Amino acid sequence: MSTNKVYIFDTTLRDGEQVPGCQLNTSEKIEVARALEELGVDIIEAGFPISSPGDFNSVVEISKAVSNPTICALTRAVKKDIEVAGEALKYAKRGRIHTGIGTSPYHIKFKLKTTEEEIIRRAVEAVKYARRFVDDVEFYAEDAGRSENEFLARVTEAVIGAGATVVNIPDTTGYCLPQMFGEKIKYLINNVSNMDKAILATHCHNDLGMATANSISGIINGARQAEVTINGIGERAGNTSLEEVVMTLKSHKDLGLETSIDTTKIMGVSKLVSSLMSMPVQANKAIVGRNAFAHSSGIHQDGVIKHRENYEIIDPKDVGVNESEIILTARSGRAALKHRLELLGYNPGDKLDDIYSNFLDLADKKKEINDTDLRVLMGDTSVSSKTIKLDYLNIATGTAEETMATIRLNIGGELFTETVSGNGPVDAAFNGIKKVVKKELHLEEFFVQAVTRGSNDVGKVHVQVKDKDSVYSGFASNTNIVIASVEACLEAISKMM
Ligand code: KIV
Ligand code: ZN
């Protein structure tokens, strides 16, 4: 079966959630599942019901909350697992059981201590049993990446014969090379006699950093389902990331393949997953990293200003990012400075060289130059009345449930003090800021990075603060992480005001 639609199977809530520290409660999982539905994924793998009552409950509740995507539950090739998955899926409009067993020499010999014939027997039995509960059964050949292609073909043919609708070929250990993985898929397409009765899925892990390349190679060679997670989260080095596969297919129209993803929702879902799972997205992560559409070298800035596509293959709006960012630093050229000044309503004209020289002096001291700095450079004295500075901060925190913060802000020379509570030092300080500025604000992103590993080193904080219309970012660094957090928030709020 080979059409031009590639089904997107999202396993953020199962394989992604296996990451230590990323566990979500049921209501958070429902929030993610709803966002995945809005995004347009075809299948949501909602959990592994036999593994815990929490997982069971999440599959039940997600089945009730979401109606467009198929809801999938994972099992081993074990009858009890399959029965429990069938029970968990009973509210799903369309339910799928995902069952399987190891097929590589490692798994057969050292993990399962059995024979190839026994693997095929257990695989067939599991698929037939799962079909008693649902019409849609996916079989996974665990560690297919290191399995012999001939044996994999025998297993695939047997499970399709037993009623599997999808056969998943996971590169469980992230071992394959793109060409090798593509050839594996092609081998199955060409050597499994009943291949027209099911589709093949890719499920690639990222241990060698090739998960997306392997998935795309599998798809080019005939797989029609990609198993992915948001931001590529997952065991060890993670899974293939949804955004990378989807945007690769969208960017390479020549492949003639499409997905049903509304790509403009990608950034929103990425942020939701990152914040609920407390898993920051690395700044240079493809598509959703903070720097994915930020240009900082003079040559690139000049090129992007002349014509965005000179240095960008994706329109940021296509993934839900407002616009590309030109980061003004000491490496920026006159073109970038002029461009930003014009956006702010200035016409530097023949004064550009002088302004540029002042700009470079400031950039050497400050690293990143923001719009407020530029206004000051242009002699705008009203700016200082809009700038908010931290004048005093005292936080009382400990094991008590509430943390108290007394914060004094200097707004244009006038001092404002508030004492407020919060569930931790940053929350308390942020509540204090909100009270002073009298605005409904929401901390969209809060990302702390230690510059080195010692406890007395500088912490860098990036934040994004949202009011009802827009999102503003701020950055600060300090040896005191709470002060860095407050100053980063104030930078964002100053931009807003
Ligand atoms: O990586 C893997 O093999 C898996 C299977 C359970 C599908 O996650
Ligand atoms: Zn996996």
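The space taken by ligand 1 is the second largest pocket. A pocket here is an open set of points on a 1 Å grid over the protein atoms alone, where a 1.4 Å probe fits, with protein on both sides within 12 Å along at least five of seven lines; a molecule sits in one if more than half of its atoms lie within 2 Å of its grid points.

This is a predicted model, in which local features need pLDDT of at least 70 and side-chain atom pairs pLDDT 80 or more, while totals for chains, interfaces and linings use all residues. Residues are numbered from 1 along each chain, chains are lettered from A and ligands numbered from 1 as written, and side-chain values use heavy atoms, without hydrogens and water.

Let us look at ligand 1. Residues around ligand 1 (a heavy atom within 4 Å) include Arg-14, Leu-74, Tyr-140 and Glu-142.

Now for the zinc ion, ligand 2. Its protein donors, at 2.0 to 2.2 Å, are Asp-15 (OD), His-203 (NE2) and His-205 (NE2). Donors are N, O and S atoms within 2.8 Å of the metal (3.2 Å for Na, K and Ca). Along the chain their spacing reads D-x187-H-x1-H. His-203 has a relative accessible area of 5% and His-205 one of 4%, so both count as buried (under 20%).

Definitions and conventions
Buried < 20%, exposed > 50% of the residue type's maximum accessible area, 1.4 Å probe, protein only. 1 Å grid on protein atoms, 1.4 Å probe; cavity = no way out; pocket = protein on both sides within 12 Å on 5 of 7 lines; lining within 4 Å.
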